[in-house]
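Trainee: I am new to this structure and would like to go through it slowly, one question at a time. Could we begin once it is on the screen?

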Amino acid sequence: MNYDNPRLIIDSSNPPEPDRITWRSPSNIAIIKYWGKYGDQLPRNPSLSLTLASSLTDMALEYSLKETPDNTINLDFYFHEEANDAFKTKIVAFLEKMTPAFPFLRQLDLTIHSGNSFPHSAGIASSASAMSALALCLCSLEDKLFGTLKDGDAFDQKASYVARLASGSACRSIFPYAAVWGETSSVPGSSNEYAVTAEDFLHPVFKNYHNDILIVSSDEKSVSSSAGHALMEGNPYADARYAEARRNFDDLLLALKKGDLEAFGAIAEKEALSLHALMTASVPSYTLMQPGSLAIIEKIRAYRKDTGHPVCFTLDAGPNIHLLYPEDIIAEVRGFIEEELLEHCEDRHMQQDWVGEGPEEL
Ligand code: PMV
C-alpha cells in the first residue's frame, strides 16, 4: 500500500482561501491487545478495540498558502491554547515524514489548536485520540483542496493508515463502536496497514457498553509503549503470545456476535493479564501495575462472584483499570465503584466512559 502522491500540489496561481478544519476524535480501548510490532508500525497480531465516547481530542487545523514559498513544514502548535514546543516538534517530524503523501503541506502556513476532554497527565493515554484527530484533519484538508477523498470508505482507510503511522493503536479510533487492526482470515478486508470497522460483529449489548477508567496513578509511565513494543523482540514468550492473541481474537469475535458477556469478560481479562505478564517477562523486566491495580482486580473478581454481575476489567500499558460492564447494571456497578474501588484511585479519580459513535467533524 502506498499513498505517496506527488500530484497533490496546490496551484499557487489559484490559492485556496485561508480556512480551518476541526475534528473531534475519541480514544479506544483494546480488548485484544496489539503488543509487538515490526517494520513501520505494523502489528505482530490482529487487535480489536472498542471506540470510546468521552475520552476525546478536539483538534483544529488552520491553513493558508505561504506568502513566500520554501521547503519547510511551518507549524504553530497550541495545546489548550498554550504554545507547546514538545508536541510541536513531534508533530512537525511526523508531518515531514508524511510529505510524500501530502506534498502540499510544505506550501502552507499551518496552525493547530488541540485539547483533550480529560485532564492532561490524568493517566489516560491521549495519543490515540490526538493522532486520529490529526490524521482526520489531514485527510479532510486533502479532500478540501483536491476533492480526492469523497468516498467515505476511501477517506476512512487513508485516515486510519495515516493515524497508524503516527501512533499504532490510533488507527482504530477512526471507526464507530469497534475496530479491527491487523490481518486475519477471520475478518475479510482486514489489514496490517489500517484498521477496519468491526461494528457488524457486535451484538447490540456492546454498542453502549461501559468502560469506566479507574485512575490508580497519573504518573508518567516508567517504560513507554514504544520501548515496550521493542522489548517484545527479545521476549522468550513472544511467539506463543502472537499465537494466543489469534486464538483469543477468534474466540472474542464469537462472544461479540452472540452477546456472550461471560466469554467476553474471560477473554478481556486474559488479554490484559497476558500483556502485563509480557512486561514482567521482558529483559529487562518491568512492572506497570501498582498495588492499587491488583487490589481493584481482586475486588472485581469477588464482586462478580458474589453478585453474578458480568463486570470485567482490562488495562492498557499502565496501572489504570478499565471496568467494563453492560448498561443495564449501571446503577449497581456505580455503587460498587463508589463504595469499594475509588479508595484505590488517585484522588478518588475515575473517568466515566462508554462505547461511542466515533469521530465527528465539527
Ligand atoms: O499504539 P501504541 O504504540 O501506544 O501501543 C498500544 C498498546 C496497548 O495499548 C497496550 C494495546 C493496544 O492495542 O492498544
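Trainee: In which helix does Leu-138 lie?

Mentor: Please keep in mind throughout that this is a predicted model. The helix in question spans residues 127–146, and Leu-138 belongs to that stretch, which is helix 2.

Trainee: Is Leu-138 buried or exposed?

Mentor: The term buried applies to a residue with under 20% relative accessible area. For Leu-138 the relative accessible area is 2%, so this residue is buried.

Trainee: Which residues does Leu-138 touch, not counting residues up to four places away in sequence?

Mentor: One of them is Phe-102, which is 36 residues apart from Leu-138 in sequence, although the two C-alpha atoms are 8.0 Å apart in space. With residues up to four places away in sequence left out, Leu-138 touches Leu-61, Phe-94, Leu-95, Phe-102, Leu-105 and Val-162.

Trainee: Turning to the ligand, how far is one of its oxygen atoms from an N or O atom in the side chain of Ser-169?

Mentor: Ser-169 is among the residues that come nearest to the ligand, as are Ala-30, Tyr-34, Arg-172 and His-229. For the side chain of His-229, the distance from an N or O atom to a ligand oxygen is 3.0 Å, while for the side chain of Ser-169 the corresponding distance is 2.7 Å.

Trainee: How much of the area that the ligand exposes when taken alone does the protein bury?

Mentor: A polar side-chain atom of Ser-225 also lies 3.5 Å from an oxygen atom of the ligand. Taken alone, the ligand exposes 380 Å², and the share of this that the protein buries is 89%.

Methods: Residues numbered from 1 in each chain as written. Predicted model: local features only at pLDDT ≥ 70, side-chain atom pairs only at ≥ 80, totals over all residues. Heavy atoms only, no water. Near = heavy atom within 4 Å. Polar contact = N/O pair within 3.5 Å; in protein donor to acceptor, adjacent residues only side chain to side chain. Areas by Shrake-Rupley, 256 points an atom, 1.4 Å probe, with all protein chains shown as cover. Helix = DSSP H or I, 4+ residues; strand = E, 2+ residues; numbered from the N terminus. Buried < 20%, exposed > 50% of the residue type's maximum accessible area, 1.4 Å probe, protein only. Contact = heavy atoms within 4.5 Å.
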